[in-house]
Amino acid sequence: SKTSGIALTFASLWIRNSKLYHQGIPTITATDIAGTFLFVGSDSFASVESCQMKNGFSSVGGAIYATNADGLEIKATEFLNNISVNGAAVYAINIKTLKMSHTNVFFGNRASEKGDNIYGELIEQVDIDGSDLHWNFSTKAALYMTNITNFKLKGATFRHNQKSSNPQNVLYEPPTSLETD
């Protein structure tokens with residue numbers, strides 16, 4: 001897998017006040033791309049704050065793909081019209097922490113299979129505090145989580161704008177347990 005944006009391994013990166021967008025026609029036929037704008041790999045940490053990621057498309061992680069990383073932190077960021085098979089905005093697998101806070105906005109993202117906005121698997125700690133998730137297209141859920149050790153969801157707003165069969169805001173599979181406030 002590769003990214004068409006920033007690839008990060010064995011390092012830390014902070015991205016602030018940036019607009020990252022793709023001007024082409026979105027399609028999920030880019031099967032060799034993981035994370036259009038940001039790929040967070042082995043033993044890395046990335047922090048994204050006050051950014052906009054728009055019109056990304058890839059096979060996994062329409063905007064951000066994180067794997068085998070120490071952590072991913074997202075604050076006050078907008079994810080708009082990203083497309084992927086799984087995790088249209090964010091795809092995270094086998095990472096230590098995924099933290100989201102300060103009212104992130106997810107709008108118009110669409111996954112053909114799981115996680116219109118976020119797909120998470122094999123993560124030690126997931127904290128989502130104060131996000132606005134407009135869930136428009138998926139046949140499954142805005143957030144898809146599986147095999148999460150600790151999953152905390154607080155102050156999230158879900159807005160489902162299109163009908164689908166068996167819609168759910170959050171779909172989590174065992175052994176994941178959900179803690180809400």
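How many bridges join β7 to β11? The answer comes in the second view, after a look at the whole chain.

**View 1. The whole chain is built from strands, with 0 helices and 20 strands in total.** This is a predicted model, in which local features need pLDDT of at least 70 and side-chain atom pairs count only at pLDDT 80 or more, while totals for chains, interfaces and linings use all residues. Residues are numbered from 1 along each chain as its sequence is written, and side-chain values use heavy atoms, leaving out hydrogens and water. Helices (H or I, at least four residues) and strands (E, at least two) are DSSP runs, numbered from the N terminus. Of the 181 residues, 51% count as buried; buried means under 20% relative accessible area, exposed means over 50%, and partly exposed lies in between (1.4 Å probe, protein chains only). Among contacts (heavy atoms within 4.5 Å) between residues at least 6 apart in sequence, 83% join residues at least 24 apart.

**View 2. Strand β7 pairs with β4 and with β11.** Two strands pair if DSSP finds at least two bridges between them. Here 4 bridges join β7 to β11, and these strands run parallel. Look for Y65, which stands opposite Y91 in β11. With β4, β7 pairs in the parallel sense over 3 bridges, and A66 in β7 is the bridge partner of V40. I64 and A66 point one way from β7, Y65 and T67 point the other way, and all are buried.

**View 3. The largest nonpolar core has 34 residues.** A nonpolar core is a set of buried Ala, Val, Leu, Ile, Met, Phe, Trp, Tyr and Cys residues joined through side-chain atoms within 4.5 Å. Those with the most contacts inside this core include I64, L72, F79 and V90. β17 (141–154) gives the most to this core, with 5 residues. Now find V90: leaving out residues up to four places away in sequence, V90 touches I64, L72, I74, F79, M100, N117, I118 and Y119. A second, separate core of 10 residues includes A34, F39, V60 and I93. In soluble globular proteins, nonpolar side chains tend to be buried together.

**View 4. S58 sits in the loop between β6 (52–54) and β7 (64–67).** Is S58 buried or exposed? S58 is buried, with a relative accessible area of 0%. Its side chain reaches the backbone oxygen of G61 at 2.8 Å.

View 5. N150 and E124 are 26 residues apart in sequence, but their C-alpha atoms are 6.1 Å apart in space. The side chains of N150 and Q125 are joined by a polar contact of 3.3 Å. A polar contact is a pair of N or O atoms within 3.5 Å; within protein, one must be able to donate a hydrogen and the other to accept it, and residues adjacent in sequence count only if both atoms are side-chain atoms. N150 counts as partly exposed, at 37% relative accessibility.

**View 6. The whole structure holds 2 salt bridges.** A salt bridge is a side-chain nitrogen of Lys or Arg within 4 Å of a carboxyl oxygen of Asp or Glu. One joins E49 and R16 (3.3 Å, N to O). E49 is in strand β5 and R16 in strand β2, 33 residues apart. In the K96 and D70 salt bridge, the closest N and O atoms are 3.4 Å apart. K96 lies in the loop between β11 and β12, and D70 in the loop between β7 and β8.
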